[in-house]
Amino acid sequence: MNRIAIHLVVTDPDQAATWYADALGARETSRLTLPDGRTLTVELLLGETVLAVAGELPDLGMRAPAALGGTSAALHVRVPDADAAWSRAMAAGATVFEPVHDAFWGDRTGQLLDPFGHRWALDQHVRDVPQEEIAARAAELFDGSVTA
């Protein structure tokens with residue numbers, strides 16, 4: 001599989017679509033508006049990934065992260081310049097989950113929470129690291145509890 005479509009539930013799909021465009025460079029491809037004028041879903045393209053954002057529908061079990069007490073997933077986006085992407089997202093209203101840093105697996109990366117409660121990692125590959133080195137560093141950082 002080389003493609004996945006993501007469907008995020010947010011409190012306001014119009015605001016979310018604007019934020020994902022401004023902060024992450026997504027481009028709107030379609031929008032479904034209900035007869036009463038409310039936006040049901042906005043479909044965006046983020047790189048080659050389809051990203052749909054939809055408003056909450058609690059009666060159907062569709063809830064935004066805040067209603068669920070947070071999110072357990074992080075969406076990773078490969079970027080050419082992690083620091084520039086980070087600055088753009090912070091200026092657009094993201095909050096820091098994990099600051100940008102050089103990770104032991106060879107990426108410059110940082111994690112943020114968007115204004116709708118979803119967690120994103122901005123990843124820039126900076127160096128190739130042998131799998132053995134990654135495994136050894138992970139074991140060291142996690143008290144030897146991680147194995148290759």
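Two strands pair if DSSP finds at least two bridges between them. Helices (H or I, at least four residues) and strands (E, at least two) are DSSP runs, numbered from the N terminus.

## Basis of the model

This is a predicted model: local features need pLDDT of at least 70, side-chain atom pairs count only at pLDDT 80 or more, and totals for chains, interfaces and linings use all residues. Residues are numbered from 1 along each chain as its sequence is written, and side-chain values use heavy atoms, with hydrogens and water left out.

## The four-stranded sheet

An open sheet is built from 4 strands in the order S1-S4-S3-S2, with mixed pairing. Strand S1 (6–10) and strand S2 (27–33) are its edge strands, and each pairs on one side only. Neighbouring strands here are turned by 20 degrees against each other on average, direction ignored. Axes are lines fitted to C-alpha atoms, for helices over the stretch in contact, and angles run from 0 to 180 degrees between N-to-C directions. Strands of a sheet pair through backbone hydrogen bonds, either parallel or antiparallel.

S1 and S4 run parallel and are joined by 5 bridges. Val10 has Gly55 of S4 as its bridge partner. S3 (residues 39–46) pairs with S4 (residues 49–55) in the antiparallel sense, over 6 bridges. S2 and S3 form a hairpin with 5 residues between them. In the turn, Gly37 has a positive phi of about 95 degrees.

## The helix across the sheet

Helix H1 (residues 13–24) lies across S1, S2, S3 and S4. H1 runs at about 10 degrees to S3. S1 is mostly covered, with 4 of its 5 residues buried. Buried means under 20% relative accessible area, exposed over 50%, and partly exposed in between (1.4 Å probe, protein chains only).

## Salt bridges

The structure holds 8 salt bridges. Each is a side-chain nitrogen of Lys or Arg within 4 Å of a carboxyl oxygen of Asp or Glu. One of them joins Glu28 and Arg31 (2.8 Å, N to O). Glu28 is partly exposed, at 37% relative accessible area. Arg31 is partly exposed as well, at 36%. Asp14, Glu28 and Arg31 are linked in a network of salt bridges.

Asp83 and Arg108 also meet in a salt bridge (2.8 Å, N to O). Asp83 lies in helix H3 (residues 82–91) and Arg108 in strand S7, so the pair ties together parts that are 25 residues apart in sequence. Glu140 and Arg137 form another salt bridge (2.5 Å, N to O). Both lie in helix H4 (residues 131–141), 3 residues apart, about one turn of the helix. Glu140 is exposed at 55% relative accessible area, while Arg137 is partly exposed at 33%.

Asp114 sits in the loop between strand S7 (107–113) and strand S8 (119–125). Asp114 is buried yet has no salt bridge. The nearest side chain of opposite charge, Arg119, is 10 Å away. For charge, Lys and Arg count as positive and Asp and Glu as negative; His and the chain ends are not counted.

A polar atom of the Asp114 side chain lies 3.0 Å from the backbone nitrogen of Gly117. Leaving aside neighbours within four places in sequence, Asp114 is in contact (heavy atoms within 4.5 Å) with Trp19, Tyr20 and Trp120.

Key. A polar contact is a pair of N or O atoms within 3.5 Å; within protein, one must be able to donate a hydrogen and the other to accept it, and residues adjacent in sequence count only if both atoms are side-chain atoms.
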